[in-house]
Amino acid sequence: MLSGWREVTARRPWRISAKLLIISSVVTVIGFSAICVNVMLDMRRGEEALARQTLENLATTIESDISRNIEIYDLSLKAVASSMLLPEIATVSKPIRHLILFDHATTARHFGAIQVFDADGRLTIDASTLDPLAENRGDEEYFRVHRDNAGAGLFISRPMLFRGAYSIVLSRRISDTDGGFLGVVAGSIRFSYFHELFERLSLDPADTITVLRRDRTIMMRRPFDLDVIGKNLATVRTWKPDNLQAGGSYAGRGPVDTTPRLYVRSNASGPLFVVAGKPLAAVFELWQKEAYRIGAVVLALILFVLASTLVLAREIGRRAEAESKLEEMATTDALTGLRNRRKFDQVIDVEWRRAMRQKTPVALLMIDADHFKAYNDTFGHQAGDQVLVGIAICISDSVRRAGDCAARYGGEEFAVLLPDTSATDAFMIAETIRGKVQGWSDDQATSTVSCGIASLVPTADIDWPILIAAADKALYAAKAGGRNQSVVASLPKLSLVA
C-alpha cells in the first residue's frame with residue numbers, strides 16, 4: 001500500500017502557473033519583436049543600398065558625359081595652342097589662319113567660340129569672326145593662372161558671365177619652344193549644356209545634382225540657384241570634406257541646404273566631379289509604409305497574445321485557487337480543522353525519508369479521547385463533536401512548528417508528527433497537550449486524553465509504519481494504565497515506561 005502511494009505522488013501532474021505563462025508570453029513577444037525589428041532594419045539597409053547604387057550610377061553617368069565633352073573641347077584648345085606656334089600663322093591671311101586653327105575645332109550649340117589672347121591679355125583671334133572687337137582679359141583669373149604657372153595645363157574657371165551667357169571657361173597656356181608665355185587660348189561651355197543634360201534625366205523635384213571643381217567650388221547645381229553657383233564649400237565651416245570622399249556616400253544634412261539627403265560622389269579623376277543627392281524621406285518612403293503596415297500587424301498580434309495570456313493567466317489563477325481549496329478540503333478534517341488521515345500519510349512519508357537522509361529522529365504522538373463513547377452516549381453527538389474540536393484546539397496551541405503535522409487519525413484518535421524531536425521532547429509536548437485538554441473541560445464532565453509517544457531515527461531496513469505501531473502500543477499501554485497519562489515506547493523492544 002505504501003509503495004503504491006509513492007507511485008501516485010511520483011506521477012503527480014505538472015501544472016503551469018499563471019506567472020510562468022505570462023513570463024513565457026512576454027519572452028515570446030520580445031523575441032518575435034526582435035526578429036521583426038531585425039528584418040525591418042535589414043529591409044531598411046537594403047533600401048539604402050539600392051538608393052546608393054542608383055545615385056552612384058547616376059553620378060557616374062553624368063560625370064562621364066561632362067568629362068567626355070570637356071576632353072573633346074580640350075583637344076580643340078590643344079590643337080589651337082599648338083597651331084599658334086607654326087611660323088606661317090603670322091603671314092597667312094585671316095581666312096587661311098582660321099582654317100588652320102579652327103578647322104578641327106569642336107563646334108556645338110553649347111560650346112562658346114574659341115578665342116586667343118596675347119601675352120598682354122588682348123584678344124587677337126576669335127573663331128566666331130575674322131575681325132574681333134577689341135577686348136582685354138588680362139585681369140581674368142584664368143589668364144593670370146596661365147601667366148604665372150607654366151604647368152597649369154587645362155584650367156576650368158569659376159562660373160561666370162562670359163560673352164553674354166553664364167558659362168564655365170576652359171583655357172590653356174600658349175608657350176614658345178623655350179616655355180615662355182605667349183598668351184592663352186580659351187573657350188566656354190554654357191550653362192545650357194548642363195540644363196539640357198539634367199532635363200534628360202528622370203529625377204524627382206527634391207533630387208539634387210551638383211557639379212564641383214576639385215577645390216570644391218560648385219560649378220553647377222540642380223535645382224538651379226545663382227546664389228549657390230560659384231560657392232566654395234571649403235568656406236562652409238559646418239561641412240567637413242571627409243564626410244564625402246571620392247566614390248563614397250553620406251547620409252544627413254548637406255552643406256547647401258538643411259534637407260537630410262543621401263549623397264553619393266562619383267569616383268572620377270577628372271577636373272570636375274559629380275555629387276548626386278536624394279532626400280532620405282524619399283529613400284525610405286516605401287520602406288516606411290511597409291514598416292507601418294508590418295508594425296501594425298505585429299502590434300495587433302502582440303496585443304492579441306498578451307490579452308490571451310492575461311485571460312488564460314486569470315483562468316489558471318482561478319483554477320489554481322479552486323484546486324488549492326479542493327486540495328485543502330481533501331486534506332483537512334471538516335470538523336476539527338486539522339489534517340486528515342490522507343494528508344498525514346503524505347507528510348509522514350516525506351518526513352521519514354528526509355530524516356533518513358539527515359539521520360535525525362522522528363517522533364509521533366498518538367492521542368485518544370478517554371471514555372469518548374460513554375460521553376457521546378450521555379451528552380449526544382453534538383457535545384461529542386465539541387469535545388473533539390476542543391481537543392484539536394489544544395493540540396494546535398501546543399504544536400506550533402512549521403514542520404509539525406497534527407491530524408485527526410480517525411474517530412476520537414489524533415496523531416501528531418514531530419520531525420527532529422527526541423522522545424524526551426515529544427513527551428513534554430504530549431504532557432502539555434494532555435494538561436490543556438484537562439484544564440479546558442467544562443463542568444458537565446471531565447474530558448481527558450491518553451497519549452502514546454514513539455521516537456526513532458529512520459534506517460534503510462525499517463519504514464514509518466513501525467513508528468505508528470510503536471506509538472499505538474504506547475497508547476494502548478496508557479489506556480491500560482488508567483488513562484489520562486502519556487507513555488513513551490522504548491524501541492526496539494517496545495518496553496513501556498510511564
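Which residues does Phe194 touch, not counting residues up to four places away in sequence? Select Phe194 and look around. The residues touched are Ile66, Ile168, Ile189, Val211 and Met220. Keep in mind throughout that this is a predicted model.

**The largest core**

Now widen the selection. Phe194 belongs to the largest nonpolar core, which has 55 residues. Together with Ile66, Ile168 and Val211, Phe194 touches the most other members. Next, select helix α2, residues 18–83. This helix gives the core its largest share, twelve residues. In soluble globular proteins, nonpolar side chains tend to be buried together.

**The five-stranded sheet**

Go to the open sheet. Its five strands follow the order β8-β7-β11-β10-β9, and the pairing is antiparallel. Color β8 (218–222) and β9 (249–253): these are the edge strands. Each has a single partner strand, so one side of each has no neighbour in the sheet. On average, neighbouring strands are turned by 20° against each other, direction ignored.

Pick out Gly252: opposite stands Arg261 in β10.

Then show helix α5, residues 191–199. The helix packs on the sheet, where it touches β7 (208–213) and β8. The direction of α5 makes about 35° with that of β8.

**Two crossing helices**

Select α8 (residues 341–358) and α12 (residues 464–480). Their axes come within 10 Å and cross at roughly 115°. Show the side chains at the contact. From α8 come Phe344, Asp345, Ile348, Asp349 and Trp352. From α12 come Trp464, Leu467 and Ile468. Six of these residues are nonpolar, none is polar and two are charged.

**Confidence**

Finish by coloring the chain by pLDDT. The mean is 87, and 93% of the residues reach 70 or more. Strand β14, residues 413–419, has the highest confidence, at a mean of 96. Helix α1, residues 2–10, has the lowest, at 40. Over residues 1–14 the pLDDT is below 50, and this stretch has twelve contacts in the model beyond near neighbours in sequence. Residues 493–498 are also below 50; this stretch has 16 such contacts beyond near neighbours in sequence. Where pLDDT is low, the predicted coordinates should not be read in detail.

Terms used
Residues numbered from 1 in each chain as written. Predicted model: local features only at pLDDT ≥ 70, side-chain atom pairs only at ≥ 80, totals over all residues. Heavy atoms only, no water. pLDDT = per-residue confidence, 0-100. Helix = DSSP H or I, 4+ residues; strand = E, 2+ residues; numbered from the N terminus. Contact = heavy atoms within 4.5 Å. Axes fitted to C-alpha atoms, helices over the stretch in contact; angles between N-to-C directions. Nonpolar A, V, L, I, M, F, W, Y, C, P; charged D, E, K, R; others polar. Core = buried A, V, L, I, M, F, W, Y, C linked by side-chain atoms within 4.5 Å. Buried < 20%, exposed > 50% of the residue type's maximum accessible area, 1.4 Å probe, protein only. Pairing = 2+ DSSP bridges.
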